Amino acid sequence: MDCFQTVSQLKGSMCHAFVLFIAWLFSFQDVVALHNVLEPSHVSSTSELANPPSTGLFEPIEISPAVIPPYPYAGEPLPPMYPTFPTTYEPNLTGRCPVNFSAMSSIMQKTASDCSQPLAPLVGNVICCPQLGSLLHIFQGFYSMKSDKLVLQKTVANDCFSDIISILASRGANHTIPTLCSVTSLNLTGGSCPVKDVVSFEKIVNTSKLLDACSTVDPLKECCRPICQPAIMEAALQISGTQMTFTENKNFVGGSDQVDALTACKGVVYSYLSSKLSAEAANSAFRILSACKVNKVCPLDFKQPSEVIEACRNVAAPSPSCCSSLNAYIAGVQKQMLITNKQAIICAAVFGSMLRKEGVMTNIYELCDVDLKDFSIQAYGQQGCLLRSLPADVVLDNITGYSFTCDLTDNIAAPWPASSSASSLSLCAPEMSLPALPTSETLKNPGCRGCVLEVLVPIFSIFAVSALLY
């Protein structure tokens with residue numbers, strides 16, 4: 001007791017130093033004990049254990065698909081969430097594509113995972129095809145770095161496109177992705193766009209303005225308050241020589257040749273951006289622009305719901321026959337693909353509008369407990385998954401196989417449309433004018449310029465006194 005009183009009164013006493021030494025000694029013993037645990041000990045020769053890594057650090061555990069529990073529903077296809085692992089091999093390339101694919105290894109691997117063999121048909125609209133399109137634009141950018149051309153000649157394009165698909169398939173991608181995503185080697189040629197080289201492009205387009213608008217794309221603002229999209233359209237119009245004519249809905253008006261040329265020139269603009277941005281920055285920007293596009297429409301195919309209309313046309317209260325018919329119809333829709341949360345809202349409105357046109361005026365979503373997630377793939381037949389509206393990727397690891405993140409699995413009711421038309425549906429909030437922040441004059445307060453200093457001084461004083469006492 002006397003020793004501790006002395007420690008509190010005398011700074012730097014021998015007792016203080018002794019206490020610190022004892023504390024250090026105990027902590028050192030703990031460290032030594034922990035170190036001894038990590039050291040391999042001898043085991044009987046009848047059953048020798050493998051030595052742990054010399055560094056004491058372990059790499060990610062690789063689990064063979066053979067140790068994954070068997071899927072309980074024999075005869076049925078594996079659900080998209082079930083662990084699957086890719087079969088990889090060395091691709092057979094043409095040897096005639098003048099691009100170093102090793103420099104694009106990271107973006108190629110990302111695309112292969114996003115378009116993986118089991119998941120590509122299910123995530124094609126939201127993940128695979130947007131990523132494949134981004135890869136092709138970035139590939140054009142890599143090609144233009146070695147020449148003054150922003151596009152490829154047809155023969156070279158055929159060879160390079162074949163090599164790209166071969167490399168992706170060798171890394172586990174679905175070999176049908178060209179058909180799934182409606183892309184061919186012509187996507188690399190610039191089509192009917194009249195400007196295909198860097199020099200001509202930079203003479204016509206204000207490239208500083210274009211790069212400023214698209215170097216960094218804000219994922220939260222671009223879809224509703226676009227900056228990069230109009231810059232790309234302006235550049236495409238300039239190099240295509242097409243007169244700018246739009247409808248009241250901001251849709252481009254022109255003949256088929258003009259539309260084709262404009263579409264091709266947009267690809268040339270993407271190629272130029274890819275040549276000026278890093279692969280990561282370009283991929284991020286292009287995926288955000290794709291997300292803005294895909295989240296504007298419902299990708300699901302709704303066949304004529306005749307049975308639902310017949311069973312639900314005159315209901316005003318929960319009806320077993322109506323709900324049974326509705327659930328059976330939606331169960332068929334669920335098998336089509338994974339969709340985003342925004343797409344689910346639009347799909348619910350589109351299907352509801354179809355029903356309202358045929359006389360189903362009651363909110364049968366509410367009567368039958370239909371949720372937004374009911375319009376997307378169901379994991380193990382039990383829970384729906386809605387992807388994020390922002391760009392997402394399929395992830396491959398050694399434990400779960402291919403996986404992705406569900407943004408929404410909660411039971412959020414599907415919105416019933418107010419009319420039989422879903423054309424007026426908008427997911428962008430209207431412009432808002434926020435009130436000005438209050439000032440010292442409006443608050444009639446002279447301000448508090450010295451408040452921070454006044455608070456810090458007593459805090460510093462407390463620490464100073466504590467240091468002197470201990």
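Helices (H or I, at least four residues) and strands (E, at least two) are DSSP runs, numbered from the N terminus. The model is predicted: local features need pLDDT of at least 70, side-chain atom pairs count only at pLDDT 80 or more, and totals for chains, interfaces and linings use all residues. Residues are numbered from 1 along each chain as its sequence is written, and side-chain values use heavy atoms, with hydrogens and water left out.

Q: How many helices and strands does the chain have?
A: The chain runs to 470 residues. Its DSSP elements are 16 helices and six strands.

Q: What share of the residues in the chain is buried?
A: Buried means under 20% relative accessible area, exposed over 50%, and partly exposed in between (1.4 Å probe, protein chains only). Of the 470 residues, the buried share is 37%.

Q: Among contacts between residues at least 6 apart in sequence, what share joins residues at least 24 apart?
A: Contact means heavy atoms within 4.5 Å. Counting pairs at least 6 apart in sequence, the share that joins residues at least 24 apart is 78%.

Q: Which residues touch the most other members of the largest nonpolar core?
A: A nonpolar core is a set of buried Ala, Val, Leu, Ile, Met, Phe, Trp, Tyr and Cys residues joined through side-chain atoms within 4.5 Å. The largest one holds 74 residues. H4 gives the most to this core, with twelve residues. The members touching the most others are Phe 139, Phe 201 and Leu 210.

Q: How many residues are in the second, separate core?
A: Leu 300, Ile 330, Met 337 and Cys 368 are included in this second core. Its total is 31 residues.

Q: Which residues does Phe 201 contact, leaving aside neighbours within four places in sequence?
A: Phe 201 is in the largest nonpolar core. Beyond its sequence neighbours within four places, Phe 201 is in contact with Leu 150, Val 195, Thr 207, Leu 210, Ile 239, Val 268, Val 269 and Tyr 272.

Q: How are H4 and H11 oriented to each other?
A: Axes are lines fitted to C-alpha atoms, for helices over the stretch in contact, and angles run from 0 to 180 degrees between N-to-C directions. The axes of H4 (residues 120–145) and H11 (residues 279–294) come within 9 Å and cross at roughly 140°. Angles under 35 degrees count as roughly parallel, over 145 as roughly antiparallel, 65 to 115 as roughly perpendicular and the rest as oblique. H4 and H11 are therefore oblique.

Q: How do the residues of the contact of H4 with H11 divide by class?
A: On the H4 side, Pro 130, His 137 and Phe 142 are among the residues that meet H11. On the H11 side, Phe 286 and Arg 287 are among those that meet H4. Ala, Val, Leu, Ile, Met, Phe, Trp, Tyr, Cys and Pro count as nonpolar, Asp, Glu, Lys and Arg as charged, and the others, Gly among them, as polar. The contact divides into nine nonpolar, six polar and one charged.

Q: How many residues of each class are in the contact of H4 with H10?
A: H4 and H10 pack at about 65°, with axes 7 Å apart. Gly 141 and Ser 144 in H4, and Gly 267 and Ser 271 in H10, are among the residues that meet. By class, there are three nonpolar, eight polar and no charged residues.

Q: What is the handedness of the crossing in which H9 passes H10?
A: The axes of H9 (residues 228–240) and H10 (residues 256–276) come within 8 Å and cross at roughly 115°. Their contact has 13 nonpolar residues, one polar and one charged. A crossing is left-handed if the near helix is turned anticlockwise from the far one by less than a right angle, and right-handed if clockwise. H9 passes H10 in a crossing that is right-handed.

Q: Is Ser 182 buried or exposed?
A: Ser 182 lies in the loop between H6 (177–181) and H7 (198–204). It is not a glycine, yet its phi is positive, about 55°. At 64% relative accessibility, Ser 182 counts as exposed.

Q: Where does Asp 369 lie?
A: Asp 369 has a positive phi near 55°, in a residue other than glycine. Its relative accessible area is 62%, which makes it exposed. Its place is the loop between helix H15 (364–367) and strand E2 (378–379).

Q: Is Asn 341 buried or exposed?
A: Asn 341 lies in H14 (residues 341–357). Leaving aside neighbours within four places in sequence, its contacts are Leu 386, Leu 387, Arg 388, Ser 389 and Asp 407. With a relative accessible area of 15%, Asn 341 is buried.
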